Amino acid sequence: MEPFTTLTSIAAPLPLANLDTDRLIPARFLRQPRSAGYHNYLFHDLREQGDFILDRPAYKGARIIVGAENFGCGSSREGAVWALTGAGYRAWIAPSFGDIFFENSFKNGALPIILPKQRVAALRTLLGDQAGAQLSIDLAAQTVTLPDGSIERFEVDPFRKECLLNGWDEIDLTLQHTQAITDFEARQRVNSPWLVSSA
Amino acid sequence: MDTHRQRDQGAGGLTLYEKIWNAHEVATGPGGRTLLYVDRHLIHDGSFHVFEALRAAGRNVRRPDLCFATPDHYVPTGDRSNIADPVVRDKIEILAANTAAAGIRHFGIDDVRQGIVHVIGPEQGITLPGVTLVCGDSHTSTHGALGAMAFGIGASEATHVMATQTLWARRSKTMRINISGVLAPGVHSKDIILAVIAKIGAAGGAGHALEYAGSAIRALSMDARMTICNMSIEAGARCGMIAPDDTTFDYLAGKPFAPTAAQWDRALAHWRTLPSDADAGFDREVDLDAGALAPMVTWGTSPEHGAGIGTLVPDPAREADPARRKSIELALDYMGLKPGQAIEGLALDRVFIGSCTNSRLEDLRIAAAVVKGRRAAIPAMVVPGSGLIKKAAEAEGLDRIFKEAGLEWREPGCSMCVGMNGDLVDAGQRCASTSNRNFEGRQGKGARTHLVSPAMAAAAAVTGRLTDVRKLLAN
């Protein structure tokens, strides 16, 4: 996984509450292999309606999206994150996220940032008024720096932060606990033998 | 682990969620993360990315005996003897090949036990009280109806489970939703959960494990409970649960993969210890009176856009929050609705009865009772949740009732809930659907979805309009 340390980029505002993963990538495109390039289908149906905000010239090259409440709600499809990262986006800022999408983001070297609702709304307004303005994200410092130099601090789970900063594969880390897993299975066989399926 | 123990002692008793969590801690990591053991991993035909990732990294499946697979998302619900779509055929064959190579049990397309993964888990007794269960599908919350801790995961997490039989997780906050009262005739569990989501919002349960409790929940069958837990994710919660009770145990007794004889007795003794302790604390409590509910319908493009059938389409101008106002405006535009318009009486183009939310035998019985002796006014399809449900429904003659009324009776699968198999609603068409998501484009590009109960979907089928099913029951 590609590490995430700092990111300075144009940020695009996306003022849609409850942005679901069906809008991020409609289900009909998921039948394709990942090699087909899921980014080709990112926001497919929204884009077709024309004048989609992320397609405006001022936001070309943006790698950060500032969304709204419940960003990435809905299905567990990791294709939603692959579509975003494939299109070059690496960070998304919102007051809240769909729980599964939130987890999927970290697994793909992307950073979902939770900021208070009013601050996110103010950021979206700023990025609308100053289209093409840049934000700087520093994961180690847990800060987002605005164009005027002011700073927003954000919280991030220390474990996810370490994994992102180092680009670690979580499975390799977990395999260091193989003995603990084996011990757990041995205890469970004794204490809850009905869990070992028999039919 | 120690910090959890201290917190638990300080908080008094334990919740159902906390009991299952504590029993599955394998190790702790930095920042209060826990490595949780996974007892059951369910797999469907959208899992091809996971097997590819395992192969690419040269990893094996640690516990194939704890994995169970069936094709559901891509399977045709019409003629299966000759699958014309090469992509669909490919997905079904790839799942069969991947599971065979890994030694994973597979209920294939020719097996009568095939069905929607969230229907067959409980039906086979694979889902049990007190287990941790995951699946690469957000509606995995369904299995919480049996008192399991069940949640949906992405492809990376599924790969992690395959390789290690564990997941890193952080303990969720807990929310108890207390549902009292007695449901009026024509009002069902789907109406309860749509009302819960309308009340707490599509993000209301984010970061929480939900527990549904109260007299109205205790009175529900297992089929009805599964409908409620299924839509926890539509309230933003990965996981929704109901404490196991005699209804649960009666349901499980004799299921193929459920324990038997002495093992059953031992399991049952454990299961009876699972319900939340009387003095357990929840981070949030919400109350709802089921007796006050009317049949629910969604008017917008988020499951939180639900209201009683007798109400009017809301006016976005009354919404103070700009992002939410914008979302309601876009929703009404997409749905072709105007503020203040009556929801009841809206003309429909088609009806879908099925999905992991509402495709179980009780759902089909409720729908059949409404259409019996009537004629469908618009195209309507009924898709049972599994081959065994289809067989049981046919043994009762439900298929004949549907067919005589002009509804299509089809083979089991996810079908028109998500349209990945080609069962799609055309652009601009309005569909009353017993599924779980009314998102833009969910049932097909430009499709307009109104989420309803099986009773309301059946009423819609025979009138061709959004109709209060209670008016048909009275006749």
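1. At what angle do helix H13 (residues 361-371) and helix H16 (residues 454-463) of chain B pack, and how far apart are their axes? In this predicted model, the angle is about 30° and the axes lie 8 Å apart. Angles under 35 degrees count as roughly parallel, so H13(B) and H16(B) are roughly parallel to each other. Their crossing is right-handed.

2. A look at the residues behind that packing may be handy. H13(B) contributes B:Asp363, B:Ile366, B:Ala367, B:Val370 and B:Val371, while the H16(B) side includes B:Pro454, B:Ala455 and B:Val462. By class, the contact of H13(B) with H16(B) has 11 nonpolar, no polar and one charged residues.

3. Staying with chain B, there is an open sheet of four strands, ordered S11-S10-S9-S12 and paired in parallel. Strand S11 (239-241) and strand S12 (284-289) of chain B stand at the edges with a single partner strand each, so one side of each has no neighbour in the sheet. On average, neighbouring strands of this sheet are turned by 20° against each other, direction ignored.

4. Within that sheet, strand S10 (residues 208-213) of chain B is joined to S11(B) by three bridges in the parallel sense, and B:Leu210 stands opposite B:Gly240. Helix H7 (residues 189-200) of chain B packs on the sheet, touching strand S9 (173-180) and S12 of chain B; the direction of H7 makes about 130° with that of S12(B).

5. Over in chain A, strand S1 (residues 6-13) runs antiparallel to strand S5 (residues 134-138), with five bridges between them; A:Thr6 has A:Asp138 as its bridge partner there. S1(A) also pairs with strand S2 (residues 64-66) of chain A, in the parallel sense and over three bridges, with A:Val66 as the partner of A:Pro13.

Technical notes: Residues numbered from 1 in each chain as written. Chains lettered and ligands numbered in written order. Predicted model: local features only at pLDDT ≥ 70, side-chain atom pairs only at ≥ 80, totals over all residues. Pairing = 2+ DSSP bridges. Helix = DSSP H or I, 4+ residues; strand = E, 2+ residues; numbered from the N terminus. Axes fitted to C-alpha atoms, helices over the stretch in contact; angles between N-to-C directions. Parallel < 35°, antiparallel > 145°, perpendicular 65-115°, else oblique. Left-handed = near helix turned anticlockwise from the far one by under 90°. Contact = placed C-beta atoms within 7 Å. Nonpolar A, V, L, I, M, F, W, Y, C, P; charged D, E, K, R; others polar.
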